[in-house]
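Trainee: Could we go through this model together? I would like to begin with the backbone and then turn to the packing.

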Amino acid sequence: MSLYEFGARAWATETKEMSYHFLEYGWLQVCIQSPDVVLMLKSGVKDSKRNDYYDGDIVKVSKLTFESSGPLPENLVVRLYGGMFQLFRGREPLMGLYLGYIADGEVIGNVYENPELLGGEGTDTE
């Protein structure tokens, strides 16, 4: 599967704009090499409303595939971490909790455009 089929988006830190179309213009190398662009890969998994999960997305998780000791619903962050798309609580990785464990979740924003959805813990979730 090529990167284009897999998908990505780019966040321009200077202009504060998200681009979903930069791959069509052949700007991938520029995006990867620029310190002013954050490249976010698409996971290949969709939420309950058929929206794609991307690295950096904020997901309102209403139900997991197992009993959770944490309060639900909860806003968690999708991060490409340790070779897979895992869920974070703010800056805290929830080790072993990856997208496959979401039984009911919805993308409600991302850490760059909607940091307020995390209670002030925005883009510094890497």
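Mentor: Strands here are DSSP E runs of at least two residues, and helices H or I runs of at least four, numbered from the N terminus. This is a predicted model, in which local features need pLDDT of at least 70, side-chain atom pairs count only at pLDDT 80 or more, and totals for chains, interfaces and linings use all residues. Residues are numbered from 1 along each chain as its sequence is written, and side-chain values use heavy atoms, with hydrogens and water left out.

Trainee: What is the phi of K16 near?

Mentor: Phi of K16 is near 55°, a positive value in a residue other than glycine.

Trainee: Is K16 buried or exposed?

Mentor: K16 counts as exposed because its relative accessibility is 58%. The term exposed means over 50% relative accessible area, buried under 20%, and partly exposed in between, with a 1.4 Å probe and protein chains only.

Trainee: And what about R50? Where is its place?

Mentor: R50 is in the loop between strand 3 (37–46) and strand 4 (52–54). Its phi is near 70°, a positive value in a residue other than glycine. With 60% relative accessibility, R50 counts as exposed.

Trainee: Which peptide bond is cis?

Mentor: The bond from L72 to P73 is cis, with omega near 0°. P73 sits in the loop between strand 5 (57–64) and strand 6 (74–81).

Trainee: Changing topic, in which sense do strand 7 and strand 8 pair?

Mentor: Strand 7 (residues 84–89) and strand 8 (residues 92–98) pair in the antiparallel sense over 3 bridges; pairing requires that DSSP finds at least two bridges between two strands. R89 has E92 in strand 8 as its bridge partner. The two strands form a hairpin with 2 residues between them, and G90 in the turn has a positive phi of about 65°.

Trainee: Now the packing. How many residues has the largest nonpolar core?

Mentor: The largest nonpolar core has 13 residues, and those with the most contacts inside it are Y53, V78, L87, L99 and I102. Such a core is a set of buried Ala, Val, Leu, Ile, Met, Phe, Trp, Tyr and Cys residues joined through side-chain atoms within 4.5 Å.

Trainee: Which elements give two or more residues to this core?

Mentor: They are strand 5, strand 6, strand 7, strand 8 and strand 9 (102–110). The largest share, 3 residues, comes from strand 5.
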